[in-house]
Amino acid sequence: NEEILKITIALQETECELRRERDRKKSNPSAGTSNPVFRRVGLDEKCPDFVLKAVRSAYRRALHPDTQPEARKAEATRRFQDSEAAFDEIYRLRGFQR
């Protein structure tokens, strides 16, 4: 019975937290929204330029097809091209020159 009581209390606390979060989002509808192209590479659209450039560099190092085994080259190429397209779009949105 004691375990059930602990679980019930934890559940009630969690439900209360969910209600508070929903209320917060209702009061600020723009909270948590961002441009989907930024989300594709795990960035917030308000991130500083140096973060954007560092993340692009990290993606290039991690996903470049030449660093992958032969069996994974096709998938690596696709992922690399997808990430490059996303970063190109972000750079275009920010007005960067290549």
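This is a predicted model: local features need pLDDT of at least 70, side-chain atom pairs count only at pLDDT 80 or more; totals for chains, interfaces and linings use all residues.
Colleague: Which elements give two or more residues to the largest nonpolar core, and which of them gives the most?

Modeller: The largest nonpolar core has 11 residues, among them Val37, Leu52, Ala86, Phe87 and Tyr91. In soluble globular proteins, nonpolar side chains tend to be buried together. The elements that supply two or more residues to this core are H2, H3 and H4, and the one that gives the most, with 4 residues, is H4.

Colleague: Is Phe87 buried or exposed?

Modeller: Phe87 belongs to the largest nonpolar core, and, leaving out residues up to four places away in sequence, Phe87 touches Val41, Leu43, Leu52, Val55, Arg56 and Tyr59. Its relative accessible area is 0%, and because buried means under 20%, Phe87 is classed as buried.

Colleague: What is the geometry of the aromatic pair that Tyr59 and Phe87 form?

Modeller: The structure holds 2 aromatic pairs, and in the one formed by Tyr59 and Phe87 the ring centres are 5.4 Å apart, with 70° between the planes. This pair links distant parts of the chain, since Tyr59 is in helix H3 (residues 49-63) and Phe87 is in helix H4 (residues 73-94), 28 residues apart. Tyr59 is partly exposed at a relative accessible area of 24%, whereas Phe87 is buried at 0%. Because planes over 60 degrees apart count as edge-to-face, the 70° between these two makes the pair edge-to-face.

Colleague: How many disulfides does a search of the whole structure find?

Modeller: A disulfide is a covalent bond between the sulfur atoms of two cysteines. Cys16 is partly exposed, at 30% relative accessibility, while Cys47 is buried, at 10%, and is listed in the largest nonpolar core. The number of disulfides found over the whole structure is 0.

Colleague: Which residues is Ser83 in contact with, leaving aside its neighbours within four places in sequence?

Modeller: Ser83 is placed in helix H4 and counts as buried, at 5% relative accessibility. With neighbours within four places in sequence set aside, the residues in contact with Ser83 are Tyr59 and Leu63.

Colleague: With which side chain does the side chain of Gln68 make a polar contact?

Modeller: Gln68 is located in the loop between H3 and H4 and counts as buried, at 18% relative accessibility. Leaving aside neighbours within four places in sequence, Gln68 is in contact with Ala62, Lys73 and Ala76. The polar contact, at 3.4 Å, is with the side chain of Thr67.

Colleague: What distance separates the C-alpha atoms of Arg39 and Ala86?

Modeller: Arg39 is found in helix H2 (residues 36-40) and is partly exposed, with a relative accessible area of 48%, whereas Ala86 is one of the residues of the largest nonpolar core. Although these two are 47 residues apart along the chain, their C-alpha atoms are separated by 9.5 Å.

Methods
Residues are numbered from 1 along each chain as its sequence is written. Side-chain values use heavy atoms; hydrogens and water are left out. Buried means under 20% relative accessible area, exposed over 50%, partly exposed in between (1.4 Å probe, protein chains only). Rings of Phe, Tyr and Trp (its six-membered ring) pair if their centres lie within 6.5 Å; planes under 30 degrees apart count as stacked, over 60 as edge-to-face and the rest as tilted. A disulfide is a pair of cysteine sulfur atoms within 2.5 Å. Contact means heavy atoms within 4.5 Å. A nonpolar core is a set of buried Ala, Val, Leu, Ile, Met, Phe, Trp, Tyr and Cys residues joined through side-chain atoms within 4.5 Å. A polar contact is a pair of N or O atoms within 3.5 Å; within protein, one must be able to donate a hydrogen and the other to accept it, and residues adjacent in sequence count only if both atoms are side-chain atoms.
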